[in-house]
Amino acid sequence: MTARPNELRINEQRFWDTMARSGEIGKGRTAGLSRLALGDDDKQMRDLFVGWCRDAGLEVTVDAMGSIFARRPGRDNGLPPVLVGSHLDTQIAAGNYDGILGVLGGLELIRTLNDAGIETRRPIELVDWANEEGARFNPPMLASGVFAGVNKLDWALGRTDLQGKTYGEELKRIGYAGPAPVGGRPVDAYFELHIEQGPILDARKIPVGVVVGGYATRGMRIRIHGECAHAGGAAMDVRKNALVGAAYLIVALNELGWRYHPEGGRSTAVQIEVWPNLTGILPESALVTLDFRHPTVAGVEKMKTEFDAAMVQAAERAQVRMEIAEAWRFGDEAFDKDCIGLIKSAADELKIPCIEMLSQAGHDAYNMTRICPTAMIFAPCDKGISHNENETMAPEDAYPGVNVLMHAVLARANR
Ligand SMILES: [Zn+2]
């Protein structure tokens, strides 16, 4: 070892230059990024990332879901690795930081350890999880879900985008259907740095959030079954318009969110598919994608009960049938006390102010809690704006989180 570990700091300029390079690939309409999973821009970013990892001396493997792992050996390579990362895919209208901060922050910490000649007891692995956003292939956090045993591999590979292309085909097309099995191997711990995507840290001018858990979230797709009929010929009392059923349901969902707003609840309808979606004919079917969230599990369960009742009422009112076609959940998982402790100690040693907080968004880290001790670090982003081309952050708001990540990972990898 050359540097005393507690004096170690990342190379800020190199890190920010690397972030800026990512910001050039898959540019958004007016600013930011639009780098959907398994698209051509995603491939270009992956190629660049793999090159950076190899330049840093890492051994790169890709699993059958397309997640990229880059391994830095330890002194004892029989020990399970400490995993660190996030995602390089983005929403369709996104900024340069969501997910990317955590992957490239992980790369920077490895480059810094290399520069300082620091070995660790355990290997450290950097991961870029495929399709975190779910913007193209629903549900979100798809590949980490397979890794953690939450999703089945075949089911995940068969997910389709709006053009009917499957995840598996698109993964092959971009050359990232890797040979490595998905998961099924021990991981010592998982650390993820991410922008907060909420306003708290920015408003309070605190550089590091220690994430102690998530908002309990229930997501689902509701299939609505109606019946085709003539838009003129069918009297009001015989109509079974699936789109009208969807409308009643979406309004009821939104009111559910408002009822729980005082205690931090929220509800979101994001997508509707309608068939046949043409003029002159009543829609036969609709598929609505939605979720609702609450700071507590008890709260989200109350919301679920009210949502179920609202679904029955909406179906009756539109004379249609509704069913939950798919459901997913996240945010109930507990983060690990020891890993949280390492993050806090790292912040204390570096004299970086931090607060404990909950994550309101979904993250791959939630899946990882099922198979290994997991923790997350938040960095502030401007006014909490995210999933928006105007998402932004100052470089000096990013560096503290990466330094804390580095010291927490270093401590864990020497355990
Ligand atoms: Zn993200």
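Reader: Which residues of α2 meet which residues of α3?
Author: The model is a predicted one. On the α3 side, the contact is formed by Val-103, Leu-104, Leu-107 and Arg-111. By class, this contact of α2 with α3 has six nonpolar residues, no polar ones and one charged. The α2 residues that meet α3 are Phe-49, Trp-52 and Cys-53.

Reader: Are α2 and α3 roughly parallel or roughly antiparallel to each other?
Author: Helix α2 spans residues 40–55, and its axis comes within 10 Å of that of α3. The two axes cross at roughly 15 degrees, and the crossing is left-handed. Angles under 35 degrees count as roughly parallel, therefore α2 and α3 are roughly parallel.

Reader: Is Arg-111 buried or exposed?
Author: Arg-111 is found in helix α3. Apart from residues up to four places away in sequence, Arg-111 touches Arg-14, Thr-18, Trp-52 and Ala-56. Its relative accessibility is 14%, and the cut-off for buried is under 20%, so Arg-111 counts as buried.

Reader: How far apart in space are Arg-111 and Lys-172?
Author: In sequence, Arg-111 and Lys-172 are 61 residues apart. From C-alpha to C-alpha, their separation in space is 30 Å.

Reader: At what angle do the axes of α1 and α3 cross, and which handedness does the crossing have?
Author: Helix α1 covers residues 12–22, and its axis comes within 10 Å of the α3 axis. The axes cross at roughly 145 degrees. The handedness of the crossing of α1 and α3 is right-handed.

Reader: Which residues of α1 take part in the contact with α3?
Author: From α3, the contact includes Ile-100, Leu-101, Leu-104, Gly-105, Leu-107, Glu-108, Arg-111, Thr-112 and Asp-115. The contact of α1 with α3 has six nonpolar, four polar and four charged residues. The α1 residues are Arg-14, Phe-15, Thr-18, Met-19 and Ser-22.

Reader: How many charged residues does the contact of α3 with α12 have?
Author: Leu-101, Gly-105, Gly-106, Leu-109, Thr-112 and Leu-113 of α3 make this contact with Ala-398, Val-402, Leu-405, Met-406, Val-409 and Leu-410 of α12. By class, the contact of α3 with α12 divides into nine nonpolar residues, three polar and no charged.

Reader: Which protein residues are the donors of the zinc ion?
Author: The donor distances run from 2.0 to 2.2 Å. Along the chain, the donors follow the spacing H-x10-D-x95-H. His-87 is in the loop between β3 (82–86) and α3 (100–116), whereas His-194 is in strand β5 (residues 189–195), 107 residues apart. Both of these histidines are buried, and the protein donors are His-87 (NE2), Asp-98 (OD) and His-194 (NE2).

Reader: Is Glu-125 buried or exposed?
Author: Glu-125 lies in strand β4, residues 124–128. Neighbours within four places in sequence aside, its contacts include Phe-69, Arg-71, Val-82, Val-84 and Arg-185. With a relative accessible area of 4%, Glu-125 is buried.

Key:
Residues numbered from 1 in each chain as written. Predicted model: local features only at pLDDT ≥ 70, side-chain atom pairs only at ≥ 80, totals over all residues. Heavy atoms only, no water. Donors = N, O, S within 2.8 Å, 3.2 Å for Na, K, Ca; no water. Helix = DSSP H or I, 4+ residues; strand = E, 2+ residues; numbered from the N terminus. Buried < 20%, exposed > 50% of the residue type's maximum accessible area, 1.4 Å probe, protein only. Axes fitted to C-alpha atoms, helices over the stretch in contact; angles between N-to-C directions. Parallel < 35°, antiparallel > 145°, perpendicular 65-115°, else oblique. Left-handed = near helix turned anticlockwise from the far one by under 90°. Contact = heavy atoms within 4.5 Å. Nonpolar A, V, L, I, M, F, W, Y, C, P; charged D, E, K, R; others polar.
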